[in-house]
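Welcome! Here is a short tour for anyone meeting this structure for the first time. Take a look at it below, and then read on.

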Amino acid sequence: MAEGNVVKVLPAIFFSLFAFAQSQQDTPQQKAINPPAGQAAIFHRAVTMYDAKNYAPALRAFEEAADAGNVQAMMYLGLMHSEGQGTPVTYDDAVLWFRKAAVAGDSQGMCNLGSLYFAGRGVAQRFDLALRWFRTSAAAGNDQAMFNVGVMYRDGQGVPVDYAEAMTWFMKSADAENDKAMNAIGSLYHKGQGVDVNYEEAAKWYLSAANMGNRSAMFNLGALYEKGLGVPLNADEARRWFAKSAEAPDPTPIK
């Protein structure tokens with residue numbers, strides 16, 4: 001296996017779905033006007049039905065709660081329309097609900113709206129608008145949006161390739177404990193993109209991400225042990241990390 005071909009990084013934007021999935025810092029929706037108690041009860045019932053995969057009535061209840069101003073309900077509706085839960089997949093409606101959440105000041109709504117512009121789902125593909133929404137979300141402290149900005153600079157999507165700028169954004173995201181950003185930093189050190197090749201640093205970042213359950217980082221760490229790059233040559237350790245990567249669940253939307 002050639003050194004340049006072992007690194008596994010997420011190639012595009014990871015789509016996070018729920019605002020309350022962010023770190024323990026205050027989030028914009030926590031400062032929003034709380035809906036009436038009756039609407040809060042409707043939202044709670046909707047979540048219970050959603051968790052039980054009883055999607056059709058959950059959708060109706062979320063719509064009622066969202067119409068009363070519940071931002072989390074808006075986020076659920078965006079998810080359900082984008083995933084086809086209780087309704088056919090309708091990206092137009094996903095855009096509508098994520099935009100409502102974004103306008104209400106919700107950083108994850110901003111990030112998700114940027115993801116739809118990035119992918120061209122429900123809207124024309126516009127990297128410039130995707131980057132604008134990601135930056136706005138990142139400025140509000142959203143670590144997923146920080147990662148997404150880094151991806152765009154790393155891959156030259158809507159902007160010139162700029163590994164130094166990508167590293168800056170990945171570091172910001174990693175500081176907020178985003179495992180995908182940690183894996184991406186490891187990849188930059190592994191490949192020598194924007195920095196000198198440094199296998200020890202790559203191994204450090206891969207290990208941090210792997211310990212958080214990132215399957216790509218587990219694979220990458222195994223590849224370093226297989227070649228003895230930045231870590232001792234150790235076939236058993238390589239096989240252990242490859243096995244952990246194979247057994248790890250696929251990345252799922254943050255909840």
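What percentage of the 255 residues in the protein is buried? Buried residues make up 51% of them. Please keep in mind that this is a predicted model.

## Overall build

Let us begin with the helices and strands. The protein has 12 helices and 0 strands.

Among contacts with a separation of 6 or more, 53% are between residues 24 or more positions apart. The protein exposes about 11700 Å², and carbon and sulfur atoms supply 51% of that area.

## Aromatic pairs

Now for the rings. A pair of aromatic rings is described by two things, the distance of the centres and the angle of the planes. The protein has 9 aromatic pairs.

One of them joins Y50 and F62, with ring centres 6.3 Å apart. Their planes stand at 65 degrees, and because an angle over 60 counts as edge-to-face, this pair is given that label. Y50 belongs to helix α1 (residues 37-51) and F62 to helix α2 (residues 55-67), so the pair ties together parts that are 12 residues apart in sequence. Both Y50 and F62 are buried.

## A tilted pair further along

Which two residues form a tilted aromatic pair, 5.1 Å centre to centre? They are F219 and F242, and the angle between their planes is 45 degrees. F219 sits in helix α11 (residues 215-227) and F242 in helix α12 (residues 235-247). The two are 23 residues apart, and the pair links distant parts of the chain.

Is each of these residues buried or partly exposed? The cut-off for buried is under 20% relative accessible area. F219 has 19%, so F219 is buried. F242 has 22%, so F242 is partly exposed.

## A cluster, and charges over rings

Ring pairs link F43, Y50, Y55, F62 and Y76 into a cluster.

The charged end of K100 sits over the ring of W97, at 5.6 Å from the ring's centre. R240 lies over the face of W241, and here the distance from the ring centre is 4.8 Å.

Note on methods:
Residues numbered from 1 in each chain as written. Predicted model: local features only at pLDDT ≥ 70, side-chain atom pairs only at ≥ 80, totals over all residues. Heavy atoms only, no water. Helix = DSSP H or I, 4+ residues; strand = E, 2+ residues; numbered from the N terminus. Buried < 20%, exposed > 50% of the residue type's maximum accessible area, 1.4 Å probe, protein only. Contact = heavy atoms within 4.5 Å. Areas by Shrake-Rupley, 256 points an atom, 1.4 Å probe, with all protein chains shown as cover. Phe/Tyr/Trp six-rings, centres within 6.5 Å; stacked < 30°, edge-to-face > 60°. Lys NZ or Arg CZ within 6 Å of the ring centre and 35° of its normal.
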